[in-house]
Amino acid sequence: MKKSALVLAALLLFAPVPLVSAQNITLRYGQIPSTIKTVSALHFYIAQRKGFFSREGITLEMLPIEGGAANMVIALSKGVVDITRTATPYLVQDVLKGSDNVAILGETATPIYSLIAKPEIKTFADLKGKVVGLSLAIDTISISTRKLLALNGVQEGDFKVKEPPARADCLRKNECDAVPLGQPEDFVLLKDGFRRLGVSTDAMANFQFIVSATRRSWATQNSDALVRYARALGASFRSMREPANRDEVVRIIVDTTGSSEDIARQTLSLYFDPDRGVVPKQGEIDIKGFNEVIRVMGEAGELKPPLPPAERFIDLRYLKAAGLQ
């Protein structure tokens with residue numbers, strides 16, 4: 001009896017985060033394979049390493065969904081996953097087609113995508129007649145890149161479009177002349193001699209890019225699990241943003257992405273020095289930023305008027321129950 005008490009005391013003393021009595025729940029999370037080793041997944045690595053999920057009694061099973069970003073909401077609708085990462089345009093179109101899916105938490109707010117080109121491409125004008133590797137036309141990566149090109153005098157029809165499964169590989173293999181890349185891929189290619197022509201925020205400065213989405217029907221029956229999920233990621237975002245944690249976050253980036261310490265520090269400096277709104281404060285959804293996505297989708301011809309309000313695609317009750325919205 002005394003031995004058991006000592007063991008329990010030791011566990012309580014050395015546990016990295018407080019223990020909870022809640023029953024452990026496994027959540028299946030759909031992940032885009034190309035983002036698994038990028039900084040856009042950093043909040044999950046922090047939550048795992050610092051025990052924020054275990055504190056909430058959550059076991060997160062990360063499931064890579066092959067076949068492109070559009071398949072994320074399809075996997076969610078089919079019940080392959082409980083929660084998925086998705087870019088907001090895919091969710092918007094999916095819901096307008098009648099799906100039960102809904103955004104519950106913000107992951108990446110306004111991302112910074114660098115338009116990275118071959119070394120010999122020195123200006124935007126040099127891209128005329130060249131191949132630009134993009135995602136699907138609906139994607140905000142593609143929309144913001146097209147707006148960036150137009151802003152710099154390169155109109156639709158001036159360049160050829162390719163939709164490769166991995167944009168960085170397309171550039172390295174000489175199959176693309178320029179591609180938009182996030183972090184740390186853009187810094188890696190810059191170090192290898194490629195050139196940055198511009199960044200997406202020059203063309204689109206405020207929008208809600210990535211959200212966690214689930215099915216409304218599933219959420220109603222699993223609300224406690226979603227509140228715990230939101231609390232864990234809220235703690236992760238706060239930890240990521242804390243200046244005192246910068247060295248620790250750098251180590252996690254190096255460990256999980258394979259990038260150098262120098263590139264990890266450059267990435268965090270890009271996000272936070274000053275704060276450019278890439279990372280949410282604690283998982284909140286930017287309603288104005290979501291509406292901006294819808295507006296730009298309409299402008300690009302991906303949606304027909306009248307444009308729907310962002311509230312149609314969002315359920316804030318789980319963030320509010322977790323004290324995060």
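Mentor: Let's start with D82, which is buried at a relative accessible area of 6% (buried is under 20%, exposed over 50%, partly exposed in between, with a 1.4 Å probe and protein chains only). Keep in mind that this is a predicted model, where local features need pLDDT of at least 70, side-chain atom pairs count only at pLDDT 80 or more, and totals for chains, interfaces and linings use all residues. Residues are numbered from 1 along each chain as its sequence is written, and side-chain values use heavy atoms, with hydrogens and water left out.

D82 sits in the loop between α4 (71-77) and β3 (83-87); helices (H or I, at least four residues) and strands (E, at least two) are DSSP runs numbered from the N terminus. Leaving aside residues up to four places away in sequence, D82 touches T26, L27, R28, L76, A213, T214, R215 and W218, a contact being heavy atoms within 4.5 Å.

A213 and T214 turn up again around V102, which also touches L91, S212, R216, F313, I314 and D315, with residues up to four places away in sequence not counted. V102 lies in strand β4 (residues 101-108) and is buried too, at 1% relative accessible area.

Just after α2, G51 takes a positive phi of about 80°.

As for α10 (residues 223-241), 14 of its 19 residues are buried. From first C-alpha to last α10 reaches 27 Å, close to the 27 Å expected (1.5 Å times one less than the number of residues).

Then there's α11 (residues 246-257), whose axis comes within 9 Å of that of α12 (residues 261-272) and crosses it at roughly 120°. That makes α11 oblique to α12 (under 35 degrees is roughly parallel, over 145 roughly antiparallel, 65 to 115 roughly perpendicular, the rest oblique). Axes are lines fitted to C-alpha atoms over the stretch in contact, with angles from 0 to 180 degrees between N-to-C directions. On the α11 side R246, D247, V249, V250, I253 and V254 meet E261, A264, R265, L268, S269 and F272 of α12.
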